[in-house]
Amino acid sequence: MGKLASFGCLFVALCLFVSTGNLQAETRAATAASYVELGDKFAKQEDFARAIGAYNIALEFAPDFAPAYFKRGSVRQARGDFSDAIADYNKCLEIVPQWTEAFYNRGNVLLQEGDIEAALADFDKALQSDPNYDMAYNNRGIARLGRGDLEGAMADFNQAIKINSHHPEAYLNRGLIQLLQGRRADAERDFARSIALKPSVRTFIEKRTGEIVQK
């Protein structure tokens with residue numbers, strides 16, 4: 001009986017140890033999440049240095065906490081630290097392989113760096129993950145424009161508008177293609193829709209249309 005009693009005590013001790021370990025992991029994740037929330041507040045204030053500091057602390061508590069990598073990547077992207085942003089998105093996608101926004105954001109960074117083919121691949125992956133992600137169609141259209149694929153770009157802008165009929169940039173970009181194709185009336189209709197949705201684009205439209213018409 002003594003041996004059985006000792007075994008019983010050992011079993012209880014092991015169970016308590018495992019439970020405590022799980023609790024500690026949950027606590028670390030919760031602490032990491034709280035620092036991510038703090039980082040988000042700093043990011044909204046455009047205090048990027050403090051935001052990154054908060055995300056760094058989050059990752060000290062939970063090194064595999066994907067949201068911290070994603071948010072830190074977004075802040076690094078916003079302040080132009082493209083190589084570090086890509087590294088964060090890479091790590092995020094290692095942990096969560098189907099994170100749509102991580103593919104989309106990384107694609108945008110690659111597009112800004114001029115790596116059109118890699119950007120297209122990421123926009124494709126974002127759309128495989130979420131076929132209704134209208135922003136990915138819009139930006140894939142821009143990437144396709146960058147390599148002279150007007151038909152492919154037009155298809156993407158059409159699809160973005162089909163998913164979200166209140167997408168000013170999609171109307172703007174589709175209008176620019178139509179202007180390049182000599183379809184001025186169609187272009188003007190799209191520009192009018194874009195301006196109605198987002199009046200601030202008027203100056204850009206006037207500038208770009210002037211450049212295209214002069215060519």
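I looked up Tyr-89 to begin with: at 0% relative accessibility, Tyr-89 counts as buried. The model is a predicted one, so I checked confidence next.

Confidence. I read a mean pLDDT of 89 for the protein chain, with 89% of its residues at 70 or more. Residues 1–21 stay under 50, and the model gives them zero contacts beyond four places in sequence. Where pLDDT is low, the predicted coordinates should not be read in detail.

Helix H4. I found that H4 covers residues 82–95, which makes 14 residues. From first C-alpha to last, H4 reaches 20 Å, close to the 20 Å expected at 1.5 Å a residue. I then listed the buried residues of H4: Ala-85, Ile-86, Asp-88, Tyr-89, Cys-92 and Leu-93. Seen down the axis of H4, these fall within an arc of 160 degrees, so they line one face of the helix. On the face turned away from the buried side I noted the exposed residues Ser-83 and Glu-94. I also asked what covers the buried residues of H4. The cover includes helix H3 (66–78) and helix H5 (100–112).

Core. Which members of the largest nonpolar core touch the most other members? Cys-92 and Trp-99 do, in a core of 39 residues. Setting aside neighbours within four places in sequence, I have Cys-92 in contact with Ala-66, Tyr-69, Phe-70, Trp-99 and Ala-102. There is also a second, separate core of nine residues, among them Ala-187, Ile-195, Val-201 and Ile-205.

Aromatic pairs. How many does a search of the whole structure find? It finds five aromatic pairs. Tyr-35 is partly exposed, at a relative accessible area of 27%. Phe-61 is partly exposed too, at 33%.

I then took Phe-70 and Tyr-89, a tilted pair at 6.0 Å centre to centre with 55 degrees between the planes. Phe-70 in helix H3 and Tyr-89 in helix H4 are 19 residues apart, and the pair again links distant parts of the chain. Phe-70 is buried, with a relative accessible area of 10%. Last, I noted that Phe-70, Tyr-89 and Trp-99 form one aromatic cluster.

Methods: Residues numbered from 1 in each chain as written. Predicted model: local features only at pLDDT ≥ 70, side-chain atom pairs only at ≥ 80, totals over all residues. Heavy atoms only, no water. Core = buried A, V, L, I, M, F, W, Y, C linked by side-chain atoms within 4.5 Å. Buried < 20%, exposed > 50% of the residue type's maximum accessible area, 1.4 Å probe, protein only. Contact = heavy atoms within 4.5 Å. pLDDT = per-residue confidence, 0-100. Helix = DSSP H or I, 4+ residues; strand = E, 2+ residues; numbered from the N terminus. Expected span 1.5 Å × (residues − 1). Arc of directions from axis to C-beta. Phe/Tyr/Trp six-rings, centres within 6.5 Å; stacked < 30°, edge-to-face > 60°.
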